[in-house]
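Dear colleague,

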Amino acid sequence: MRSTVYHSPVYNRESIQAWEKRWFAQQNSSLGLMQQVAWDIAKQLDQYMITNSLSIKKIAVWCGSGNNAGDGYYTAAYLSQKGYEVQIFAASVSDSSDLKQAILYAQLHKIQIEPNFAVPDHFDCHIDALFGIGLNRELDQKWQEIVQHFNQLSGLKIAIDVPSGLHANTGQVLPVAIKADITFTALAIKIGLVTGQAKEYVGQLNVISLIPCDKELQPLAYLTSSQLHLPQRQAFGHKGSYGHVLVVGGHANIGGAVIMAAEAAFHAGAGKVTVICDASHHCAILSRSPNIMVQDIDQFDQEKIETLLDQIDAICFGMGLGRDRWSAQIFNLWFEILQTQTQLEIVLDADALWFLAEKQDVDLNENIYLTPHSAEAARLLNITAQQVEHDRVAAIYRLQQKYQGNWVLKGSGSLILEKNKLFVCSTGNAGMGTGGMGDVLAGMVASLKAQFHAEITLSDIVTLHGKAGDLLAEGGQRGIQAQQMAHAIYQVVNA
């Protein structure tokens with residue numbers, strides 16, 4: 001369908017640490033790696049300041065007591081060599097010989113080291129080297145106050161490896177974290193830098209790749225590329241060439257969801273779209289989009305559903321379906337039939353997920369795509385939304401294990417698990433946190449799967465959805481509404 005797109009590999013903390021140990025076991029120097037990381041940070045940071053014409057002269061480096069602090073001491077020394085006025089504020093140190101060497105090196109360069117974090121507000125830049133990749137506990141009150149002090153000071157904020165207080169595996173704060181403008185992460189991308197709460201704290205992410213990957217290093221996931229381009233349409237194509245999408249939902253009291261899903265399907269390129277919903281919404285749908293076909297959901301029995309499904313390519317089911325007795329009857333009727341459809345592309349969202357959670361021993365087919373947010377995922381797993389957010393990677397794997405199928409766990413850094421391969425969405429923004437965005441995504445998934453089937457991945461579609469939201473956010477994130485996505489979708493699928 002298109003040229004191969006490179007997706008950046010993403011790892012968990014344990015894989016990175018084991019990779020380092022294997023590297024050191026080959027007689028490579030841990031001190032040398034620390035020095036190289038610091039040198040690259042100093043070089044890139046200096047270039048960033050020059051390129052952006054930043055008037056930065058005084059730099060405060062905040063050092064903890066582990067190897068991350070060693071990176072900080074060396075970074076301080078190298079920046080001093082480049083002519084910056086550098087001062088270190090530090091905690092008591094561990095017995096690490098590499099850290100002691102780093103401190104000695106900074107002292108040899110006559111850098112003042114203060115044994116506290118009473119950092120005044122006259123520095124132009126602050127560098128976080130407090131905690132590194134290994135932090136897996138909540139910060140105590142003392143460290144919380146230090147992190148909060150860092151965040152309150154003015155100036156450019158830099159984090160080394162992982163912003164202190166951010167969990168490297170989950171992207172959750174513990175319970176506060178450094179808010180960086182730039183994070184220089186060593187060796188490879190950690191999963192906690194790209195999902196969960198990470199976007200609020202990481203800033204611009206720069207990877208310092210220094211040692212070769214070995215055969216034992218296996219990615220946990222892949223960060224999607226935003227450089228996606230759909231193929232040109234053939235000149236002899238017609239509406240039957242580009243898929244017929246069915247949108248099913250629309251309780252008598254909830255009409256907007258099916259409209260947004262259907263319009264998204266058309267703007268993503270579907271040749272035909274039919275909405276099956278409560279008849280009271282038909283006039284509203286046709287007045288907005290006369291190209292959408294409509295049918296009354298109450299007129300469908302098993303035979304009529306099966307006949308219609310033979311004429312379509314994809315269905316998105318559940319938007320605005322409701323949760324009352326009528327909704328349950330509609331869900332059970334359609335779901336039992338959809339489970340037998342192995343060629344049809346099927347998207348389950350919204351209230352379909354609500355009723356799915358009540359089912360026992362469900363084994364979904366590979367052609368079914370489910371798109372919950374954390375609260376919906378929590379209901380499906382019989383846990384809390386907080387537990388889902390505490391470890392989003394574990395949650396999406398639990399969903400797949402329990403139900404099979406393919407999954408999107410929506411949110412900042414949406415996770416996509418398709419055919420047992422995990423992706424992290426690289427696009428999207430906080431302005432998309434508004435009602436109807438999930439309906440739009442469901443319509444896009446159905447539309448693009450109807451057009452391309454296996455030739456487009458679920459992760460590609462989620463990424464395009466995020467790109468459309470980013471296009472809208474160029475004018476500001478606050479106040480974006482889902483119905484505005486239609487034209488943005490049209491733009492990104494034609495880019």
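**Helix 1 and its surroundings**

The buried residues of helix 1 pack against strand 1 (8-11) and strand 8 (189-190). Please bear in mind that this is a predicted model. The buried positions in helix 1 are Arg-13, Ile-16, Trp-19, Arg-22 and Trp-23. In general, residues three or four places apart on an α-helix point the same way, because there are 3.6 residues a turn. The length of helix 1 (residues 13-25) agrees with expectation: at 1.5 Å a residue, its 13 residues should span 18 Å, and its end C-alpha atoms are 18 Å apart. After helix 1 comes Gln-27, with a positive phi near 70°.

**Val-10 in strand 1**

Val-10 lies in strand 1. Is Val-10 buried or exposed? With a relative accessible area of 0%, which falls under the 20% cut-off, Val-10 is buried. Leaving aside residues up to four places away in sequence, Val-10 touches Ile-189, Lys-190, Ile-191, Val-194, Pro-219, Leu-220, Ala-221, Tyr-222 and Leu-223. Val-10 and Val-202 are 192 residues apart along the chain, and their C-alpha atoms are separated by 15 Å.

Twelve strands make up an open sheet with mixed pairing, in the order 8-1-10-19-18-17-16-15-14-11-12-13. At its edges stand strand 8 and strand 13 (293-296); each has a single partner strand, so one side of each is left without a neighbour in the sheet. Within the sheet, strand 18 (residues 415-418) and strand 19 (residues 421-424) are paired in the antiparallel sense over four bridges. Ile-416 has Phe-423 in strand 19 as its bridge partner. Helix 14 (residues 392-403) packs on the sheet and touches strand 16 (364-370), strand 17 (404-409), strand 18 and strand 19. The direction of helix 14 makes about 155° with that of strand 17.

**The nonpolar cores**

The largest nonpolar core has 109 residues, of which Ile-59, Tyr-73, Ile-315, Phe-317, Trp-334 and Leu-356 touch the most other members. Helix 2 (residues 30-51) supplies the largest share of this core, nine residues. Not counting residues up to four places away in sequence, the contacts of Ile-59 are Met-49, Leu-79, Tyr-84, Glu-85, Val-86, Gln-87, Phe-123, Cys-125 and Ile-127. A second, separate core consists of 54 residues, including Ile-259, Cys-425, Phe-452 and Val-462.

Yours sincerely

Methods. Residues are numbered from 1 along each chain as its sequence is written. This is a predicted model: local features need pLDDT of at least 70, side-chain atom pairs count only at pLDDT 80 or more; totals for chains, interfaces and linings use all residues. Side-chain values use heavy atoms; hydrogens and water are left out. Helices (H or I, at least four residues) and strands (E, at least two) are DSSP runs, numbered from the N terminus. The expected span of a helix is 1.5 Å times one less than its number of residues. Buried means under 20% relative accessible area, exposed over 50%, partly exposed in between (1.4 Å probe, protein chains only). Contact means heavy atoms within 4.5 Å. A nonpolar core is a set of buried Ala, Val, Leu, Ile, Met, Phe, Trp, Tyr and Cys residues joined through side-chain atoms within 4.5 Å. Two strands pair if DSSP finds at least two bridges between them. Axes are lines fitted to C-alpha atoms, for helices over the stretch in contact, and angles run from 0 to 180 degrees between N-to-C directions.
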